[in-house]
Amino acid sequence: MTRILVPLFTPHRLRPVHRSNLRFSLFLMFLLALCSSHGWSQSLVIKDVTVIDATGHAAQTNMSVTIEGGHIVGVSPSKKAHIPKNATIVDGTGKFLIPGLWDMHVHGASDTRGPWSHLLFVANGVVGVRDMSGPPDAHAWRATQASNTDPSPTIYLGSPIVDGPDPTWPDSIVVADEAQGREVVDQQQQRGADFIKVYSGLPRNAYFAIADEAKKRGIPFEGHVPDAVSAAEASGAGQKSIEHLTLVAEGCSKEEKTTAAERQRLEASFRAPDAKMPQKIAAGQNIIRLNFHVVETFDEATAQSLFAQFVKNGTWQTPTLTLLQAQIDDPLNTNDPRLKYLSKEVRAKWDAGYYSHFPPPARTAMIQLAKAEFDESKKIVGLMYQAGVPILAGTDTMNPGCFPGFGIHDELALLVEAGLSPLAALQAATRNAAQFVGQLDSRGTIEVGKTADLVLLEKDPLADIHNTRSIQAVVLNGRLFQRAELDAMLAKAQTLASRDDVGASGK
Ligand SMILES: [Zn+2]
């Protein structure tokens with residue numbers, strides 16, 4: 001996953017230059033070879049292109065963007081642009097340039113699925129991802145990536161999922177009380193995680209201990225709102241992002257307090273290790289009923305007061321509408337041509353879908369519920385956007401129907417369906433993402449001085465957001481990949497995914 005590193009030349013290695021012309025020219029050739037293979041030094045100019053810089057400005061036509069050393073060094077009207085000698089020129093006539101995209105909710109980027117999913121990300125214009133279920137030791141994992149020469153996105157890396165007793169996912173770190181909550185924050189910060197990933201089953205006291213310890217130590221915590229906590233409480237406790245709108249609809253209901261208590265009782269009954277099937281079925285039916293009730297008791301004034309708290313506390317939302325829609329579309333459309341890029345193990349999980357563990361009547365009810373919740377979620381996203389709640393684009397990639405790389409384009413379209421303008425949707429995957437990971441000074445928009453992560457589109461994404469799929473070229477850290485190279489990247493991903501030794505570990 002490593003980005004291309006600029007080699008460091010120490011002065012004594014430069015000395016031969018003065019001693020021998022032959023050695024000097026060899027050195028130059030070496031340098032040139034490095035430049036052309038890594039693309040970090042030779043100038044690159046995207047000429048006569050329409051720039052959508054994602055700062056919020058309108059699109060600018062007839063622009064030229066100059067890139068040197070992995071950075072944007074010029075953004076100016078083509079008439080005035082200084083084109084460096086020997087620059088590689090990409091003709092952008094009739095085309096559109098946007099910043100590289102970030103998928104802010106993925107899985108699998110830091111496990112055995114990384115090698116092929118990284119290629120799918122880059123080939124789809126995704127230059128950065130937030131990994132929501134990281135390895136036990138982030139430092140150790142990063143060290144294993146140092147030898148990787150394939151292009152890969154920047155990874156903002158979470159801790160493993162931190163859940164309560166009887167966790168949903170087997171690889172989770174289980175935290176049962178306050179002391180363990182504090183300990184996991186300390187441990188994961190020392191091991192290099194960028195944030196603590198909190199999950200639904202965390203007990204109340206453990207959750208608030210995590211929040212407190214994370215604040216003291218200056219590491220963010222991001223994830224689900226646990227069932228034992230309300231969305232407003234999580235926002236107040238400083239949770240940096242809420243995923244999949246967990247418990248947000250509940251917080252928009254007039255009856256939040258009574259439904260929350262009921263939910264906890266039912267979840268405990270459903271998850272209890274000694275629960276027999278009839279008990280699970282009864283609890284499951286009641287959870288479905290309760291969730292329908294939450295949708296039915298939506299109240300706009302209650303919702304607005306919750307959104308105002310999100311704005312005040314700076315609580316980001318990653319709605320993952322792609323996931324919510326995939327849960328309706330189950331079973332999978334087996335004709336989707338993108339399925340060929342998945343490993344066998346991932347494909348098997350996708351074929352099983354979301355409901356294979358449930359008896360058919362429950363399955364029907366759950367899909368009906370998923371439909372109602374998807375519609376309500378889109379309504380909530382539209383209202384949150386109007387209210388100024390900060391929004392991130394994320395897919396929940398590796399879950400059935402959520403494609404690595406391709407999925408971000410699905411999410412952008414769904415955000416527009418929910419009421420975001422095409423520009424706002426683009427910003428959710430570019431400017432907002434950079435701001436969220438603390439890199440807005442160096443990434444996320446097309447401005448001089450920023451890292452050259454760019455996507456060149458054939459068609460205008462502001463006219464139709466589906467046009468983000470019309471990718472002609474990707475620039476990753478200054479390195480240009482034209483369409484043919486992106487196709488080769490897809491082909492390589494397919495080859496890597498079809499190898500037998502790749503797994504589907506984790507979520
Ligand atoms: Zn997830």
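**Exercise 1.** Which spacing do the donors of the zinc ion follow along the chain?

*Solution.* The model is predicted: local features need pLDDT of at least 70, side-chain atom pairs count only at pLDDT 80 or more, and totals for chains, interfaces and linings use all residues. Residues are numbered from 1 along each chain as its sequence is written, and side-chain values use heavy atoms, with hydrogens and water left out.

Step 1. Find the donors (N, O and S atoms within 2.8 Å of the metal, or 3.2 Å for Na, K and Ca; water is not among the atoms, so sites may look incomplete). His105 (NE2), His107 (NE2) and Asp396 (OD) coordinate the zinc ion at 2.0 to 2.3 Å.

Step 2. Read off the spacing, which is H-x1-H-x288-D.

Step 3. His107 is in the loop between strand S6 (101–106) and H4, and Asp396, 289 residues apart from it, is in the loop between helix H15 (360–387) and helix H16 (407–417). Helices (H or I, at least four residues) and strands (E, at least two) are DSSP runs, numbered from the N terminus.

**Exercise 2.** Are His107 and Asp396 buried or exposed?

*Solution.* Buried means under 20% relative accessible area, exposed over 50%, partly exposed in between (1.4 Å probe, protein chains only). Both His107 and Asp396 are buried.

**Exercise 3.** Locate Asp166 and state its phi.

*Solution.* Step 1. Asp166 sits in the loop between strand S8 (154–163) and strand S9 (173–174).

Step 1. Its phi is near 55°, a positive value in a residue other than glycine.

Step 2. Asp166 is partly exposed, at 38% relative accessible area.
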